[in-house]
Amino acid sequence: MPKNWLKGVNSAYDTIIIGSGLGGMTAGNLLAKLGHRVLILEHHYNFGGLATWFKRKGGHILDISLHGFPIGMIKTCRKYWSKEVADSIVRLKNIRFDNPQFSFGTTFDKEDFTQLMRDRFGVLRETVDDFFTTVRGMNFFDDLSMTTRDLFEKFFPGRNDIHRLLMEPITYANGSTLNDPAITYGIVFSNFMDKGVYTFKGGTDQLIKKMKKELKKNGVDVRNHCLVDKILIEDKVVKGVRVNGREIYSDAVLSNSNILSTINKLAGREHFSPGFLEEVSKVRLNDSSCQVYIGIRKGETIPNVGDLLFTSEEEEFTSEALLEPRTKSRTFSFYYPETRPGLNQYAIVSSTNARYSDWADLDETEYMRKKDELVKETLDCLEKYVPDVRSKIDHLEASTPTTFKRYTRHPGGVSFGTKFEGLKVSKDLPGQIAGLFHAGSVGIIMSGWLGAANYGVIVANEVDKFLRSVRKPEEKLEIVNV
Amino acid sequence: MTSEEVRKSILDIIADIAPDEDLSGIQDEVKLRDQFDLDSMDFLDIVMELRKRFNLEVPEADYPQLVTMSSCVEYLTPRLKDHQPVG
């Protein structure tokens, strides 16, 4: 008999959350604190969605998501998680760029960028200030026809080097390109420029452990190895989910799965209006990633060459070149022993953006050959920064868009959700089916660590409102008085 | 609640949401955002707290009414007149 991963689960909840990404978990925790009964179902053996990790022989713990987010995460964790989670956030001070156009380290904040743009790139102070004021003032309701390319050309015409400085890190953070609406860039870039780049001391495994503890404390039922294959809907009203062959009922379902699989597969297209499906058909998936995980043998050390290193051998910057299978651009995340106190070990993760179509249709031999090529080219590049690194490695492996697809079940193995139009579809979902909500990486601005967590909060507010509206008055009172 | 009690309730909510802020010198006619480090997520928290504490729903179209302390009091006092203060 296979293990019953649903043992002890109730027959009904107020909300069932499909997927334990940061958006799903944050929404779940908040809804439980607001007095609702919540069940989180995750198909993988770890929680966290892309905010996850894996362990390998030799004592290695390797993180998936690039370990950098804006300072806003401290406030978000304090408000919707706990002081303990917020207090584990520390700053990463050494962000490095190395490419044919420029090479330097930066604290990646407004002050340092202002100085760099004046001293290294010769831009007038007032132009820099004007640029920062413009991006800081951008918001959701602005004109969408202006692209990030237009924005850069307006302030720094023909300055491909400056475009690279401003765009490259954000592309790795959320998959946005020069062709996306400028507001998606402005919102995310301003968040980083506020006070620089931060990470969790202890690593992603410790973070998720703390979050799980908090969820349990607040009464959330969290289960893994539980794959939801259907959202139950009757007459445009949510009834619950089917998971591991069993039906569980709820007033609301919040899908933290990809927005397109939520509509096309989990719910089923037959439940939506033709007009809505027309909008759905316009939603473009964002890109995926390749990563190389490099474990340094216990006892070996590597010099401090920065926390995040944006490296490229491309003469000029283009968004397209970052996606090529044999791209010469990559980000290295360096994990020093301070990152995971007590472990006393080093690890390096290389990330590149990638297209699913370049990896999906290869036969086994060709797939393995390309993966080996990816590892080799990554190490060739890394050796320029960490001499003789090959002799210090005792674990090496790579992931591709097909790996991301297997673990996240996202169409196209996307690691950055959807382009901008996905946000509206996500927000409009409850208008189609009462009680059906979505929180997940959409619209670029709701992507990344902070975007995902905050979108979870925004949607939890809608779920709370909905649940209170469908309850009978006496039930409402009971909750209020608790 | 009287308008003074409503004002006190809003202060309590803001103090919970932004524990690092010193609210003693609050100016009722100045935008909350301009006096304190409050972002759009914090305003969403105010909306959620009003629902939790008073079962009051503030529609999205009315969010601009929460911009200053005096506009909050003016908007909320008639809507909370039958409520007792919640500590």
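Residues are numbered from 1 along each chain as its sequence is written, and chains are lettered from A in the order in which they are written. Because the model is predicted, local features need pLDDT of at least 70 and side-chain atom pairs count only at pLDDT 80 or more, whereas totals for chains, interfaces and linings use all residues.

The model has an ipTM of 0.92 and a pTM of 0.94. Helices (H or I, at least four residues) and strands (E, at least two) are DSSP runs, numbered from the N terminus.

Between the chains, 9 residues of chain B are in contact with 11 residues of chain A, contact being defined by C-beta atoms, placed from the backbone, that lie within 7 Å. The side of chain B that touches chain A comprises 4 nonpolar, 1 polar and 4 charged residues. In this classification, Ala, Val, Leu, Ile, Met, Phe, Trp, Tyr, Cys and Pro count as nonpolar, Asp, Glu, Lys and Arg as charged, and the others, Gly among them, as polar.

Chain A contains an open sheet of 7 strands in the order 7-6-14-15-16-13-17, with mixed pairing; two strands pair if DSSP finds at least two bridges between them. Strand 7 (102-106) and strand 17 (393-399) of chain A are the edge strands, each pairing on one side only. Strand 6 (residues 95-99) of chain A runs antiparallel to strand 7 of chain A, and 5 bridges join the two. Within this pair, A:Asp98 stands opposite A:Ser103.

A:Ile17 lies in strand 1 (residues 12-18) of chain A. This residue is buried because 34 other C-beta atoms lie within 10 Å; the term applies at 20 or more such atoms, with exposed meaning 12 or fewer and partly exposed the range in between, C-beta atoms being placed from the backbone. Leaving aside residues up to four places away in sequence, A:Ile17 touches A:Gly24, A:Ala27, A:Gly28, A:Val38, A:Ile40, A:Leu254 and A:Asn256. A:Val38 is 21 residues from A:Ile17 in sequence, and their C-alpha atoms are 7.4 Å apart in space.

Key:
Two residues are in contact if their C-beta atoms, placed from the backbone, lie within 7 Å.
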